[in-house]
Amino acid sequence: MTAVIRKALTVMAPKDLRGINRVAIVGGGPTGIACAKYLLAEKSFQTIDVFEQRRNVGGIWNLSGTEKTRRIPIPQTDPKYGAGKNSSASGRGDDDSLEFESPLYDYLETNIPKTMMAYSDTPFAESLPLYPKHDDVLRYLEDYAQPVKHFVHFQTQVIDVRPFEPRDHPEGTSRLARKWHLTTKDLRTNALEEAHYDAVIVANGHYTVPHVPAVPGIAEWHKKYPNVIMHSKAYRRPEDFSGQKVLVIGNSASGLDIAGQLAPCAQKPIFLASRSASQLAPAGGGPAWRKDIAEIEAFLVSEGDRAVRTKDGDMVDGFDAIIFATGYFYSFPFLSPVSTHSSSSSKTQSPSSSSVSLESPASAHDGPAAHLPTSDGEDLSVSNPLENLVTSGLRTHDVYEHFIHIDYPTLALPVLNLKVVPFPLAENQAAVIARLWSGRLDLPTTNDMHKWEEDEERRLLEGRRLRPAPDTATGESVASDGHDLPAATSKYEGGFHTLVYPEDAAQINSLYQWAASACPRDGLEHNGKGKLGTRWDEEQVWLRKQFPTLKAAYTNFGEKRFDVTSIAELGKEWNDGYKKWQENTSDEEKADLFRRAAVPGY
Ligand SMILES: Cc1cc2nc3c(=O)[nH]c(=O)nc-3n(C[C@H](O)[C@H](O)[C@H](O)COP(=O)(O)OP(=O)(O)OC[C@H]3O[C@@H](n4cnc5c(N)ncnc54)[C@H](O)[C@@H]3O)c2cc1C
Ligand SMILES: NC(=O)c1ccc[n+]([C@@H]2O[C@H](COP(=O)([O-])OP(=O)(O)OC[C@H]3O[C@@H](n4cnc5c(N)ncnc54)[C@H](OP(=O)(O)O)[C@@H]3O)[C@@H](O)[C@H]2O)c1
């Protein structure tokens with residue numbers, strides 16, 4: 001990214017992004033609130049409206065029931081499923097909306113040490129465990145949100161966002177001059193409201209729509225053995241699995257953590273199936289209570305009892321529960337229909353004035369717009385201009401550096417990345433967004449931003465880091481080791497936003513530097529530089545690499561772990577860890593790592 005920053009300073013005139021006064025933020029979770037804070041600190045925007053459909057800030061850190069998630073189809077390969085259809089704040093009714101069901105579970109503790117998880121301006125309380133429990137995090141987020149809470153419209157769902165050309169714009173106006181038309185729904189009254197904004201931040205999270213891959217035989221198996229297969233989003237507590245034989249599929253954070261939680265309750269061993277090595281597991285094999293098996297190749301209906309076959313050819317049977325910890329789809333139901341599943345119906349009506357009350361705005365999410373006359377006569381005739389944003393659901397397209405929409409730079413989609421530290425990433429991206437939209441930073445040209453995305457795609461493809469999207473017609477997983485298809489890059493969607501160490505460190509540090517390079521302005525903090533986010537120094541870059549072993553060391557304290565409030569308390573090995581690594585590592589190796597992690601001075 002460093003090269004990009006240098007280029008960015010020269011190519012796009014700041015005036016293109018001037019004149020942004022009204023900004024809407026979709027979502028008052030950890031990302032949306034961080035964005036509101038950085039926009040406020042920029043002292044440049046007249047209106048900051050945060051729309052949050054829940055009753056509270058904190059996003060998924062508000063725990064919930066799992067009623068609707070338990071009813072998802074098996075397999076679940078539709079990125080549009082359950083996203084915003086007929087949402088109701090109470091969660092009641094016969095709709096299938098998953099919007100209000102959180103993926104967090106009863107005994108969830110953070111998987112990031114509190115010192116590195118925190119926003120730069122708000123440390124976690126010293127008295128909290130090194131890995132706080134979920135309710136401590138919610139309280140932390142509520143405190144963090146206090147200074148911007150008055151911007152948040154609670155229980156207000158954004159149901160439609162689309163760009164339009166203002167009537168008074170001269171012909172040939174650049175896309176940057178486009179405005180945004182938002183329709184929101186007050187979930188207490190069902191009243192719809194429309195408003196125009198100069199820019200929109202989409203911070204709706206990406207842990208709403210579960211992904212259960214179409215492994216051969218799974219649909220028939222599920223029919224024959226109902227209530228065995230579920231997604232990790234519906235998991236709440238290990239006691240529900242007492243004495244059961246359990247298979248967990250997926251070895252990322254959910255798979256590893258849920259398997260670990262089940263260990264004291266479920267039948268041993270817990271089976272864990274994975275298709276690739278985990279970035280999150282400590283090296284040296286799994287614990288004794290776990291049996292690691294290869295990727296599941298097929299669900300067997302006519303062999304064995306509740307049996308599956310692995311890619312190694314092993315058959316395992318007798319499962320009482322199978323938990324798919326296979327991640328989630330990107331979904332922006334208010335922004336763009338998912339093109340592979342787009343409906344033929346068109347929205348031909350909209351409320352003709354502000355605050356119109358409609359009984360059932362269900363169609364708001366169905367299909368592209370044709371002509372949408374607005375309350376003040378604007379013609380929103382741009383038909384589905386963002387239709388390629390999400391296709392298979394495994395990737396978000398056309399986003400520069402993973403967060404600025406390339407063709408609509410007044411649209412930002414922060415924190416799309418996986419395997420990152422979300423709160424600092426949110427604030428560093430927010431710091432850049434605020435400066436871009438106040439005209440203190442520039443972007444590369446549209447062509448250069450598209451080139452960045454293409455180069456990134458090529459780099460990941462060559463590094464065999466992209467996975468093919470499921471077959472669009474059948475939803476079935478593409479059989480292969482995931483890397484050997486012809487180079488039709490558009491089919492390779494999975495993994496595009498997944499960062500591999502030290503790329504996340506480089507992202508944090510480059511964003512910090514990008515924000516810090518903005519033209520200073522009188523009246524802003526830090527001598528006119530403005531609000532700055534997180535920067536990882538050498539020790540933090542080193543520590544990030546240690547996350548799996550650090551968490552394992554903490555977990556080894558058993559119930560006493562809640563008394564461990566700092567890394568130093570984990571013992572001498574951890575107290576001296578960084579110093580020892582420094583002594584035992586050559587200067588070249590250290591310099592190479594810190595250069596790749598974009599630590600200043602390397
Ligand atoms: C099981 C699990 C455990 C995790 N553990 C950790 C951890 O230990 N540490 C960590 O740092 N991160 C963790 N994460 C990552 C987590 O996603 C982030 O901490 C954080 O919640 C991301 O914030 P967000 O605002 O981007 O998304 P969310 O938390 O999903 O918040 C999005 C908000 O947008 C609102 N919204 C969505 N659509 C609309 C709409 N149309 N209109 C109005 N409002 C809308 C939602 O109601 C929600 O409040 C975990 C994630 C999961 C799934
Ligand atoms: N605080 C905590 O302790 C905690 C607990 C749970 C989750 N989380 C957080 O929750 C978020 C989501 O994590 P997640 O683990 O649910 O999702 P995730 O990180 O997206 O991981 C999905 C997993 O599913 C696997 N997978 C996907 N498709 C598959 C297929 N077709 N067949 C087999 N395996 C497949 C992936 O394998 P590949 O790796 O091979 O692609 C990966 O292991 C992350 O931010 C995570 O940090 C935190």
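Trainee: What percentage of the 602 residues of the protein chain count as buried?
Mentor: This is a predicted model, where local features need pLDDT of at least 70, side-chain atom pairs count only at pLDDT 80 or more, and totals for chains, interfaces and linings use all residues. Residues are numbered from 1 along each chain as its sequence is written, while chains are lettered from A and ligands numbered from 1 in the order in which they are written. A residue is buried if 20 or more other C-beta atoms, placed from the backbone, lie within 10 Å of its own, exposed if 12 or fewer, and partly exposed in between. Of the 602 residues, the buried share is 44%.

Trainee: How many of the residues of helix 7 are buried?
Mentor: Helices (H or I, at least four residues) and strands (E, at least two) are DSSP runs, numbered from the N terminus. Helix 7 has 16 residues and is mostly covered. The buried count is 15 of 16.

Trainee: What span does helix 7 reach from its first C-alpha to its last?
Mentor: The expected span is 1.5 Å times one less than the number of residues. For helix 7, with 16 residues, 22 Å is expected, and the model comes close to that, at 22 Å.

Trainee: Which helix gives the most to the shell around ligand 1?
Mentor: A residue is near a molecule if its C-beta atom, placed from the backbone, lies within 6 Å of it. By that rule 31 residues surround ligand 1, and G27, G29, T31, G59 and G205 are the closest. Among the elements that give two or more residues are strand 4 (156-164) and helix 7 (422-437). The most, three residues, come from helix 2.

Trainee: Which helix gives the most to the shell around ligand 2?
Mentor: Around ligand 2 there are 21 residues, with G250, S252, A253, S254 and G327 nearest. Four residues of the shell come from one helix, residues 253-262, and that is helix 6.

Trainee: Which strands stand at the edges of the open sheet of five strands?
Mentor: Two strands pair if DSSP finds at least two bridges between them. The order is 9-16-10-11-12, with parallel pairing. Each edge strand has a single partner, so one side of each is left without a neighbour in the sheet; these are strand 9 (229-231) and strand 12 (290-294).

Trainee: Which residue in strand 12 is the bridge partner of F271?
Mentor: Strand 11 (residues 270-274) runs parallel to strand 12, and five bridges join them. In strand 12, F271 has as its bridge partner K291.
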